[in-house]
Amino acid sequence: MQRARITGTGGFLPETVWTNAKLESIMDTSDEWIRKRTGIGQRHLAAAGEGSSDMGTPAARDALAHAGVAPEEVDLIICCTTMPDYLFPATACLIQDRIGARNAGAFDVNAACSGFVCGLASANAYIRSGVYRTVVVVGAESQTNRLNWEKRDTAVLFGDGAGAVVLQAEDGDRGILSTFLGSDGSGGDLLIIPAGGSKAPVTKENAGGPECDIQMKGAELFKQATALFEEASTKALELAGLSLEDVDVFVPHQANARIIGAAAKRLGLPDEKVVMNIERVANTTSASIPLALHEAVAGGRVTEGDTVLLASFGAGLTWGAAVIRW
Ligand code: ACO
């Protein structure tokens with residue numbers, strides 16, 4: 001059976017950067033509070049009208065260039081996002097058009113911060129079953145335009161950006177060894193934007209109100225996240241027939257430096273194996289893992305033969321992990 005190997009990675013960050021000092025000037029917060037609680041120092045912000053497809057498109061192009069794959073060779077584009085440009089059409093279709101992938105199918109995946117791992121698991125299944133040979137998975141989030149900058153508990157946490165990978169069918173030992181996905185919808189209210197969907201559309205009455213903002217129970221999420229990072233990671237390693245000692249590089253979802261630190265500690269993974277870019281980019285939701293992976297690859301932290309563990313946790317609740325032989 002053929003494996004799905006990541007043959008190219010790409011990333012994109014919008015130009016505007018807001019440091020914690022900038023946030024201090026517009027809300028009652030401090031650089032010290034944000035750094036101590038989250039590890040975040042700055043975040044990139046989309047321009048007005050810059051949607052997730054505007055970030056996913058250059059990230060996908062970058063990944064294709066690194067893979068040496070022409071857009072016409074792509075069989076499928078999966079865009080993982082919680083902030084699609086529109087309710088429909090899918091953001092994946094917008095990216096498909098702009099990169100010129102005229103032979104590709106395209107659809108979106110929404111599993112919040114676990115979106116990219118879900119997209120990767122889908123791409124892996126398509127390639128291993130022989131349905132497709134070349135799949136692009138994009139994580140793209142333009143989310144700060146929708147943040148309420150008066151809600152300091154959530155506004156300080158998020159940033160915009162995109163990451164992408166090209167997966168190709170290949171014989172041999174390299175590629176995705178296993179994936180694991182979990183969910184628990186009973187925890188849906190821990191992180192939710194209640195209005196804007198079919199159940200509670202935005203109306204004249206609720207527009208601009210709290211229902212249209214992110215509602216987050218931060219402390220409960222924190223507790224669940226550390227335990228579920230561990231569960232997802234150990235299950236994916238078990239499925240790959242590997243153990244934690246085999247992991248060379250750990251690329252976790254960048255939600256919070258303290259969550260990552262606690263999860264790495266539970267897993268017994270030393271700091272030098274853990275990839276963290278949250279200080280520079282904050283929580284970019286579905287984009288966080290592919291962006292961190294791209295930076296780790298570009299920076300030479302991931303080399304051929306390495307065992308790479310990806311792990312995520314997010315709204316839904318959703319969690320997941322993937323083990324890759326690079
Ligand atoms: N600046 C200054 N003070 C703040 C801010 C802020 N930005 N936000 C909240 N505070 C205040 C609160 O009002 C509270 O004040 P009080 O004690 O006078 O009432 C105090 O700080 C402590 O607030 P807590 O919410 O208890 O702070 P906590 O230590 O739990 O940290 C945090 C909050 C950082 C959100 C933490 O709970 C967390 O990281 N949770 C995980 C949530 C997360 O990562 N969400 C992202 C999406 S989910 C995901 O990606 C996995």
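How close do the axes of helix 7 and helix 8 come, and at what angle do they cross? In this predicted model, the axes of helix 7 (residues 218-240) and helix 8 (residues 257-267) come within 9 Å and cross at roughly 45°. Axes are lines fitted to C-alpha atoms, for helices over the stretch in contact, with angles from 0 to 180 degrees between N-to-C directions. Helices (H or I, at least four residues) and strands (E, at least two) are DSSP runs, numbered from the N terminus. Helix 7 is therefore oblique to helix 8; angles under 35 degrees count as roughly parallel, over 145 as roughly antiparallel, 65 to 115 as roughly perpendicular and the rest as oblique.

Residues are numbered from 1 along each chain as its sequence is written. Local features need pLDDT of at least 70, side-chain atom pairs count only at pLDDT 80 or more, totals for chains, interfaces and linings use all residues, and side-chain values use heavy atoms, without hydrogens and water.

A backbone N or O atom of Gly 218 is 2.9 Å from a ligand nitrogen. His 253 places a polar side-chain atom 2.9 Å from a ligand oxygen. For Asn 256, a side-chain N or O atom lies 2.5 Å from an oxygen atom of the ligand.

Two peptide bonds are cis: Phe 88 to Pro 89, with omega near 5°, and Gly 316 to Leu 317, with omega about -5°.

Technical notes. A polar contact is a pair of N or O atoms within 3.5 Å; within protein, one must be able to donate a hydrogen and the other to accept it, and residues adjacent in sequence count only if both atoms are side-chain atoms.
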